[in-house]
Amino acid sequence: RVSWKGKCQVKRGLGTVCMFDSECGSGHCWDGVCCNTACEGPCQVCDRLGVCGWAVPHTSPGKKCGKCFWCEYMNNADGLVTAASPLECAPVPEGHDPGGSCGQHATCNGEGSCVADHGWGGEGDTCASGKSGPNCD
């Protein structure tokens, strides 16, 4: 049991909605649900059943990987990439911008940065041409 606003509360089970670790019987509130363990990696998510696992490849759950990065399979101990390989943050391929993290009129450069589309470079933007600046070409 846990005390909340002076009232005794029963700790919540796996997969139930939570805000704090102390609300969960497992002691782990992750991604808004009570989870069986802490899903601390940027490519880990807690599912609706309360089980920590890997995210879907080519996504960034909760944008934990950052702009222009997504979860990608990495080489396993044999140097091979398989569906059983762990997921880690990796740069999004050039010309893509999943989820619109770069904003309107910009895409990712394949190295983890946003670049403005031709004719749209504002102050502080870098354009695909490599130039910076207002409306770089």
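Trainee: How do you know how far to trust the coordinates of the protein chain, going by pLDDT?

Mentor: The protein chain averages a pLDDT of 78, and 72% of the residues score at least 70. Where pLDDT is low, the predicted coordinates should not be read in detail.

Trainee: What makes up the secondary structure of the protein chain?

Mentor: The count is 0 helices and 10 strands. Read from the N terminus, the elements run β-β-β-β-β-β-β-β-β-β.

Trainee: Why is the link between Cys24 and Cys34 called a disulfide?

Mentor: The cut-off is 2.5 Å between cysteine sulfur atoms. The sulfur atoms of Cys24 and Cys34 are 2.1 Å apart, so the pair meets the cut-off of 2.5 Å. The structure holds 8 disulfides.

Trainee: What makes the disulfide of Cys24 and Cys34 left-handed?

Mentor: The torsion about its S-S bond is about -80°, so the disulfide is left-handed. Cys24 lies in the loop between strand S2 (7-9) and strand S3 (29-30), and Cys34 in strand S4 (residues 33-34), so the pair ties together parts that are 10 residues apart in sequence. Both Cys24 and Cys34 are buried.

Trainee: How do you know that Cys43 and Cys71 are joined by a disulfide?

Mentor: Their S to S distance is 2.3 Å. With the limit at 2.5 Å, the pair therefore qualifies as a disulfide. The torsion about the S-S bond of Cys43 and Cys71 is about -100°, so this disulfide is left-handed. Cys43 sits in the loop between S4 and strand S5 (44-46), and Cys71 in strand S7 (residues 69-73), so the pair ties together parts that are 28 residues apart in sequence.

Trainee: Why are Cys43 and Cys71 called buried?

Mentor: Buried means under 20% relative accessible area. Cys43 has 1% relative accessibility, so Cys43 counts as buried. Cys71 is at 0%, so Cys71 counts as buried too.

Trainee: What makes Cys102 and Cys114 a disulfide, and which hand does the torsion give?

Mentor: The sulfur atoms of Cys102 and Cys114 are 2.1 Å apart, which falls within 2.5 Å. The torsion about the S-S bond is about -85°, so this disulfide is left-handed. The pair links distant parts of the chain, 12 residues apart: Cys102 in the loop between strand S8 (87-91) and strand S9 (106-108), and Cys114 in strand S10 (residues 114-116).

Trainee: Are Cys102 and Cys114 buried or partly exposed, and why?

Mentor: Cys102 has 14% relative accessibility, under the 20% limit, so Cys102 counts as buried. Cys114 has 25%, which lies between the limits of 20% and 50%, so Cys114 counts as partly exposed.

Trainee: What lies around Cys102 on the side of Asp97?

Mentor: The side chain of Asp97 reaches the backbone nitrogen of Cys102 at 3.0 Å. Asp97 is found in the loop between S8 and S9. At 18% relative accessibility, Asp97 counts as buried. Leaving out residues up to four places away in sequence, Asp97 touches Cys102, Gly103, Ala106, Thr107 and Cys108.

Trainee: Which residues make up the largest nonpolar core?

Mentor: There are 6 residues in all: Cys68, Trp70, Val92, Cys102, Ala106 and Cys108. In soluble globular proteins, nonpolar side chains tend to be buried together. Beyond four places in sequence, the residues that Cys108 touches include Cys68, Val92, Cys102 and Cys114.

Trainee: Why is Gly50 called buried, and what does Gly50 touch?

Mentor: Gly50 has 0% relative accessibility, so Gly50 counts as buried. Gly50 lies in the loop between S5 and strand S6 (52-54). Apart from residues up to four places away in sequence, Gly50 touches Leu14, Gly15, Cys34, Cys35 and Asn36. Gly50 and Gly32 are 18 residues apart along the chain, and their C-alpha atoms are separated by 9.9 Å.

Trainee: What do the totals for the protein chain come to?

Mentor: Of the 137 residues, 26% count as buried. The protein chain exposes about 8500 Å², and carbon and sulfur atoms supply 54% of it. Among contacts with a separation of 6 or more, residues 24 or more positions apart account for 13%.

Definitions and conventions. Residues numbered from 1 in each chain as written. Predicted model: local features only at pLDDT ≥ 70, side-chain atom pairs only at ≥ 80, totals over all residues. Heavy atoms only, no water. Helix = DSSP H or I, 4+ residues; strand = E, 2+ residues; numbered from the N terminus. Buried < 20%, exposed > 50% of the residue type's maximum accessible area, 1.4 Å probe, protein only. Contact = heavy atoms within 4.5 Å. Areas by Shrake-Rupley, 256 points an atom, 1.4 Å probe, with all protein chains shown as cover. Polar contact = N/O pair within 3.5 Å; in protein donor to acceptor, adjacent residues only side chain to side chain. pLDDT = per-residue confidence, 0-100. Core = buried A, V, L, I, M, F, W, Y, C linked by side-chain atoms within 4.5 Å.
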